[in-house]
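Thanks for making time, everyone. I would like to walk through a few local features of one model, and I will give the cut-offs as we go.

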Amino acid sequence: MKLLLFALLSALCLLRIPSVVKVAESRASWLASMFGLAALYVLGTVTPLVVIDSYLGGVNVTNLLQAIFALLAIFFFNDSVRRLAKVPVRWTYYAPLLSIPIMIVSFALIEDKAPTAADFIDSRMDQLATATYSGTYMLALLFIVLRIIYMLRHKARGPYATFSAGLLVVAAACSCHIAYVVLFHFSPWDAFAQAIGSWFDRLFYLGLSVTAAGWLILFLSKQLPKLRLWMIDALWLTALRIRVNADRSRVSPARDLFNETLENGVYKSLIVLHNYQRGNMTMFPEPVQGRISQIEAKLDAQT
């Protein structure tokens with residue numbers, strides 16, 4: 001499930017690159033997916049956990065980094081949804097970030113943090129500092145997730161329904177972990193607490209995978225019509241610019257392709273190629289010129 005989530009977030013990061021510079025919602029969601037990837041990486045999804053943690057002293061700092069990255073990923077996803085739903089910023093919007101210094105201090109107070117272990121939290125849950133660290137992290141996550149679900153309450157259909165369904169599962173996972181922390185540390189029902197806590201990983205990564213899938217579906221549903229209309233033309237014009245050396249820099253065509261929307265990229269490529277023809281007082285072969293004219297006609301029809 002972690003590898004599936006890693007693959008989904010990787011796809012989102014790559015697909016979002018062209019619109020990151022210009023669209024505020026895209027910047028927030030791209031940051032969310034980047035922090036999500038970072039959180040999964042320090043979990044040992046790609047590189048073994050022991051190897052990563054060894055560079056940080058072998059005292060499970062990776063666990064703290066994973067918690068911070070995951071919290072920031074959900075926070076920026078919340079920001080993207082807030083912009084989408086046109087919800088104004090209130091002071092409570094930033095409240096979950098206050099949990100980060102609390103997490104850092106409580107993590108520092110945990111005794112005997114070595115050696116590196118995937119069950120770092122469970123094996124030290126008898127310490128108050130561990131309960132504070134883990135509980136604060138989960139409460140902050142739960143607060144953000146419930147806030148997102150509330151903001152999406154009027155858009156509960158299609159991909160947005162997928163968001164809400166996945167986030168409800170994440171909220172259930174956070175609630176399970178909070179119950180585990182409270183029961184294990186403050187009650188004699190250790191076995192019952194562990195049984196509840198064992199559901200966290202299964203629900204958490206399932207819920208995030210569903211949310212990421214919905215996120216990807218929403219992005220593709222908005223972009224596929226534009227991709228079908230302009231992708232071939234944009235790639236063909238970019239390749240033509242590179243072939244005839246129409247730019248001073250060899251990387252300019254590729255940079256324009258990724259930094260612009262596809263339609264704007266097509267328009268910019270046409271300008272560059274026309275400037276190249278005027279500057280060199282030359283004409284492209286008739287088939288090439290005919291293709292350029294067809295693209296120009298299609299571009300005019302869209303305006």
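Let me begin with how the elements are named: helices (H or I, at least four residues) and strands (E, at least two) are DSSP runs, numbered from the N terminus. What you see is a predicted model, in which local features need pLDDT of at least 70 and side-chain atom pairs count only at pLDDT 80 or more, while totals for chains, interfaces and linings use all residues. Residues are numbered from 1 along each chain as its sequence is written, and side-chain values use heavy atoms, with hydrogens and water left out.

Although Asn60 is not a glycine, its phi is positive, at about 65 degrees. For accessibility, buried means under 20% relative accessible area, exposed over 50%, and partly exposed in between, computed with a 1.4 Å probe and protein chains only. Asn60 counts as buried because its relative accessibility is 1%.

Met281 likewise is not a glycine and has a positive phi, of about 45 degrees, and its place is in the loop between helix H12 (262-280) and helix H13 (286-302). Is Met281 buried or exposed? With 78% relative accessibility, Met281 counts as exposed.

There is also a cis peptide bond, joining Ala114 and Pro115 with an omega of about -5 degrees, and Pro115 sits in the loop between helix H6 (99-109) and helix H7 (128-151).

Finally, Val51 belongs to helix H3, which covers residues 49-54, and Val51 is partly exposed, since its relative accessible area is 36%.
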